[in-house]
Amino acid sequence: MASSSKDAKPLPLSATLRDLAVLRVSGLDLSSLVPTPATFIQAARSAIKVQIWARLVLLAGSWRV
């Protein structure tokens, strides 16, 4: 059974600050984990094309007698 949001406990501030300090020391560039707008748009267009082709295939299959 899933717990309700009022039962959830927030992260302690000390744990959050520790995690942020670890990220800072690690030198990880978090922006490298986020796709660029151009990459995102290209992926979205590809996904839309796949959905359109899938629907066309389904429609073509339903026309068979």
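Where does Val34 lie relative to helix H1 (13-26) and helix H2 (37-62)? Val34 sits in the loop between these two helices. This is a predicted model, in which local features need pLDDT of at least 70, side-chain atom pairs count only at pLDDT 80 or more, and totals for chains, interfaces and linings use all residues. Residues are numbered from 1 along each chain as its sequence is written, and side-chain values use heavy atoms, leaving out hydrogens and water.

The protein has 2 helices and 0 strands. Helices (H or I, at least four residues) and strands (E, at least two) are DSSP runs, numbered from the N terminus. Of the 65 residues, 2% count as buried. Buried means under 20% relative accessible area, exposed over 50%, and partly exposed in between (1.4 Å probe, protein chains only).

H1 has 14 residues, and the number buried is 1, so H1 lies largely in the open. Just after H1, Gly27 takes a positive phi of about 80°.

Two residues compare as follows.

| Residue | Relative accessible area | Class |
|---|---|---|
| Val34 | 55% | exposed |
| Asp19 | 39% | partly exposed |

Asp19 forms a salt bridge with Arg18, the closest N and O atoms being 3.3 Å apart. A salt bridge is a side-chain nitrogen of Lys or Arg within 4 Å of a carboxyl oxygen of Asp or Glu. The structure holds 1 salt bridge.
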